Amino acid sequence: MVCGTFTRTKVPAADVQNVIDAYKENDPPPTSVISKADGAGTFTVVATWPDCPANTTHSLAGSKAR
Amino acid sequence: MKSICFTVMVLLIAVGDAGCALFSGYPADPQPSTALDDLRSKYFSQNVEDCYNAGACASLPHLAGKQAIRDDVVLTRMHIYDMEFTLFARELSGGNNTISLGGDLTALALNGLGATTGSSATKAALAAASGGIIAANGAVNKDLFYQKTIPAIVTQMEADREKVEAVIFAGLKQPDDKYPLQRAVIDLDALNNAGSINGAVANITQQATGAKVDSQKSIDDLRLGKFSISASSSTIRTWVKASKTNLEALKTWWKSNAPRDYVSALPFPEQLENNDDEFFEALRQKAIGDLSIK
């Protein structure tokens with residue numbers, strides 16, 4: 001289950017709506033998605049889901065491949 | 001010609017013999033079979049401790065002073081433990097061993113060979129062990145698991161023993177009043193226990209748990225990331241926007257190909273489309289290939 005906040009930085013203006021839409025496609029969708037200009041000609045998009053429960057573990061079996 | 005035939009026959013007999021023998025993979029021990037018993041009876045006696053306490057010993061004639069006796073006793077007991085450990089490892093590796101690992105190793109398998117990490121040697125051995133152990137129906141082939149996992153267990157036991165040996169060697173560099181024999185005996189007990197299967201399995205499992213903690217950091221690292229401007233990102237974004245069917249196909253692919261916890265903990269399709277991390281770039285390339293995305 002997705003929880004907490006995810007932030008995408010350096011998003012070109014032309015792609016901001018794509019990023020917002022992509023976040024909203026998640027099941028369940030975020031409780032809010034906001035975008036903000038970063039002053040460098042690009043945008044930061046922040047999507048928020050409910051807070052992660054305490055003791056959440058993200059045991060990432062496949063992360064070793066990284 | 002006669003000599004060639006003879007050589008082939010000898011080789012065949014030798015190979016046949018090797019196949020039937022209880023092959024442990026260890027060379028023969030050059031020490032006499034009674035060496036271990038002799039050392040045990042000499043160095044685990046009350047007499048030796050009395051010698052140490054007195055600072056002189058008739059049974060260790062060339063040694064005088066507590067530190068010299070301590071060093072001799074500790075080093076010899078380490079040697080005895082080494083010999084015992086080697087015998088134990090031989091027994092484990094032998095083709096007809098009688099030691100039952102039972103639930104411990106099965107539990108280790110069920111904890112996930114894939115999730116288990118540790119020293120590179122242990123990791124490599126376990127990685128090698130994973131092939132063919134889990135049958136198509138998900139059952140663990142215990143015999144195969146045993147055969148293939150033993151090298152990893154032994155490697156872990158050796159690593160655990162080396163850690164304790166380092167502590168003992170550091171202690172022996174100190175004077176006797178800082179590292180007396182009584183203190184060294186505690187470390188020697190730890191050395192003996194470090195060669196146990198239970199200890200090795202516990203350490204491997206603990207390392208797997210540690211890996212899970214590291215993985216959680218990875219998820220947290222992915223909470224903040226730069227937008228990908230790669231061609232693969234652009235291709236996938238365009239393809240996904242083209243139809244809901246494409247999105248569903250990508251979702252199905254994601255569930256089968258992304259790490260399990262990525263699937264449950266990361267927003268989809270945003271992370272796959274937009275994360276500029278190299279791992280996601282590789283995933284995108286694979287998705288494009290697998291789904292024939294153009």
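Two strands are taken to pair if DSSP finds at least two bridges between them, and in this predicted model four strands form an open sheet in the order β2(A)-β3(A)-β1(A)-β1(B), with mixed pairing. The edge positions are held by β2 (32-37) of chain A and β1 (224-226) of chain B, each of which pairs on one side only. From one strand to the next, the twist averages 20 degrees.

Within chain A, strand β1 (residues 5-12) and strand β3 (residues 42-48) pair in the antiparallel sense over six bridges. Two of the residue pairs can be followed directly in the structure: A:R8 has A:V45 of β3(A) as its bridge partner, and A:T5 has A:T48 of β3(A). Strands β2(A) and β3(A) also run antiparallel and are joined by six bridges, with A:A37 bridged to A:F43 in β3(A). These two strands, β2(A) and β3(A), form a hairpin with four residues between them, and A:G39 in the turn has a positive phi of about 85 degrees.

Some backbone details deserve a separate look, since most residues other than glycine have a negative phi, and most peptide bonds are trans. In strand β1 of chain A, A:K10 has a positive phi of about 60 degrees although it is not a glycine. A:K10 counts as partly exposed because 17 other C-beta atoms lie within 10 Å. Also in chain A, a cis peptide bond joins A:D27 and A:P28, with omega about 0 degrees, and A:P28 is found in the loop between α1 (16-24) and β2 of that chain.

Chain B contains 14 helices and one strand. Of its 294 residues, buried ones make up 27%, and among the contacts in chain B with a separation of 6 or more, 70% are between residues 24 or more positions apart.

Two packed helices are described by the angle between their axes and the distance between the axes. In chain B, the axes of helix α2 (residues 35-43) and helix α4 (residues 66-93) come within 10 Å and cross at roughly 140 degrees, and the crossing of α2(B) past α4(B) is left-handed. On the side of α2(B) the contact is made by B:L36, B:L39, B:R40 and B:Y43, while α4(B) contributes B:V73, B:T76, B:R77, B:I80 and B:M83. The residues of this contact divide into six nonpolar, one polar and two charged.

Beyond its neighbours within four places in sequence, B:I153 is in contact with B:I197 and B:A200.

Chain B has its own backbone features to inspect. A cis peptide bond joins B:F268 and B:P269, with omega about 5 degrees, and B:P269 lies in the loop between α12 (260-265) and α13 (270-274) of chain B. In the segment after α14 (278-290) of chain B, B:S292 has a positive phi of about 50 degrees although it is not a glycine. B:S292 counts as exposed because 6 other C-beta atoms lie within 10 Å.

Definitions and conventions:
Residues are numbered from 1 along each chain as its sequence is written. Chains are lettered from A and ligands numbered from 1 in the order in which they are written. This is a predicted model: local features need pLDDT of at least 70, side-chain atom pairs count only at pLDDT 80 or more; totals for chains, interfaces and linings use all residues. Axes are lines fitted to C-alpha atoms, for helices over the stretch in contact, and angles run from 0 to 180 degrees between N-to-C directions. A crossing is left-handed if the near helix is turned anticlockwise from the far one by less than a right angle, and right-handed if clockwise. Two residues are in contact if their C-beta atoms, placed from the backbone, lie within 7 Å. Ala, Val, Leu, Ile, Met, Phe, Trp, Tyr, Cys and Pro count as nonpolar, Asp, Glu, Lys and Arg as charged, and the others, Gly among them, as polar. A residue is buried if 20 or more other C-beta atoms lie within 10 Å of its own, exposed if 12 or fewer, and partly exposed in between; C-beta atoms are placed from the backbone.
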